[in-house]
Amino acid sequence: MKVIIGLGNPGGKYIKSRHNIGWMIIDELKARVGADDFKENKKFKALITETNNPNDKNDKLILVKPLTFMNLSGETVATIKSFFKLSSEDLIVVYDDIDLPLGELRFRSSGGPGTHNGMRSIVQHIGEDFPRLRFGIENRPEDLKSKIDLSDYVLGGFAKHETEIIENKISESIETIFDRIKT
């Protein structure tokens, strides 16, 4: 079994925000693998769908969008990891990273949370040893970085000229995930 968890915030006002790139990737991944609609799971505090791993039809693939809001994402991840008795290698957490340029992808098998509060919550709950895919969302001009509130920026949407970059990189991120979930 492989579990892919996309970090984001529930609610209509966050759907297309920079901070919800993890949810956007999970939504596109769901469409690509032909998974059923997400269903709310109260025990996990998440939206979940399950299908077959496209690389191995005998292996399940579970896609997760936590409903805890970003800063409490660790609650969902820890509950899922424990319930399914998963090893860390069976998880991939996908999330936005303000410390990377727009559209840059970085896959790591472990590490600290950096400046990301959702990742800080996960690390507090399960430790640092789990795979993660970071998706760069930084695109603020250097002279405006100190003038734009960070939370306003990450909770804001992508500019029209960024959309093509984002769409291409979401596709690339899905290919990276497919490569990582090979059994």
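Visitor: Which elements are included in what covers the buried residues of helix α2?
Guide: Helices (H or I, at least four residues) and strands (E, at least two) are DSSP runs numbered from the N terminus, and α2 spans residues 73-83. Buried means under 20% relative accessible area, exposed over 50%, and partly exposed in between (1.4 Å probe, protein chains only); in α2 this makes S73, G74, T76, V77, A78 and I80 buried. With contact taken as heavy atoms within 4.5 Å, the cover over these residues includes β1 (2-6), β3, β4, β5 (91-101) and α3 (117-126).

Visitor: What kind of model is this?
Guide: Residues are numbered from 1 along each chain as its sequence is written, and side-chain values use heavy atoms, with hydrogens and water left out. Local features need pLDDT of at least 70, side-chain atom pairs count only at pLDDT 80 or more, and totals for chains, interfaces and linings use all residues, the model being predicted.

Visitor: Which residue just after α2 takes a positive phi?
Guide: Helix α2 covers residues 73-83. Just after α2, a positive phi of about 55° is found at K85.

Visitor: How many residues apart are E175 and R32?
Guide: A salt bridge requires a side-chain nitrogen of Lys or Arg within 4 Å of a carboxyl oxygen of Asp or Glu, and E175 and R32 form one, with their closest N and O atoms 3.2 Å apart. E175 belongs to helix α5 (residues 163-180) and R32 to helix α1 (residues 21-33), so the pair links distant parts of the chain, with a separation of 143 residues.

Visitor: Which residue joins R32 and E175 in a network of salt bridges?
Guide: E175 is partly exposed at 40% relative accessible area, and R32 is partly exposed at 33%. The network that links R32 and E175 also takes in E28.

Visitor: Which strands hold K60 and E50?
Guide: The side chains of K60 and E50 form a salt bridge, 3.2 Å from N to O. The two residues lie ten apart, K60 in strand β4 (residues 56-66) and E50 in strand β3 (residues 46-53). K60 has a relative accessible area of 36%, and E50 has 38%. The strands asked for are thus β4 for K60 and β3 for E50.

Visitor: How many salt bridges does a search of the whole structure find?
Guide: One further pair is D179 with K182, whose closest N and O atoms are 3.8 Å apart; D179 is partly exposed, at 48%. The search of the whole structure gives a total of 13.

Visitor: Which element supplies the largest share of the lining of the largest pocket?
Guide: A pocket, on a 1 Å grid over the protein atoms alone, is an open set of points where a 1.4 Å probe fits, with protein on both sides within 12 Å along at least five of seven lines, and lining residues have an atom within 4 Å of a point. The largest pocket holds about 410 Å³, where a volume is the space filled by probe spheres set on grid points joined across faces, edges and corners. Its lining has 25 residues, with H19, D96, T115, H116 and N117 nearest the centre. Elements giving two or more residues are β5, β7 (132-138) and α4 (150-154), and the largest share, five residues, comes from β5.

Visitor: How many charged residues are in the lining of the second largest pocket?
Guide: The second largest pocket has a volume of about 310 Å³, and of its 13 lining residues K16, M24, I166, E167 and I170 are closest to the centre. Ala, Val, Leu, Ile, Met, Phe, Trp, Tyr, Cys and Pro count as nonpolar, Asp, Glu, Lys and Arg as charged, and the others, Gly among them, as polar. By class, the lining has six nonpolar and two polar residues, and the number of charged ones is five.

Visitor: What angle lies between the planes of Y14 and F69?
Guide: Rings of Phe, Tyr and Trp (its six-membered ring) pair if their centres lie within 6.5 Å; planes under 30 degrees apart count as stacked, over 60 as edge-to-face and the rest as tilted. Y14 and F69 are edge-to-face, at 6.3 Å centre to centre. Y14 lies in the loop between β1 and α1 and F69 in the loop between β4 and α2, so the pair ties together parts 55 residues apart in sequence. The angle between the planes is 85°.

Visitor: Why is the pair F44 and F84 classed as it is?
Guide: F44 is buried at 4%, whereas F84 is partly exposed at 24%. Their ring centres are 5.7 Å apart and their planes stand at 40°, so the pair is tilted.
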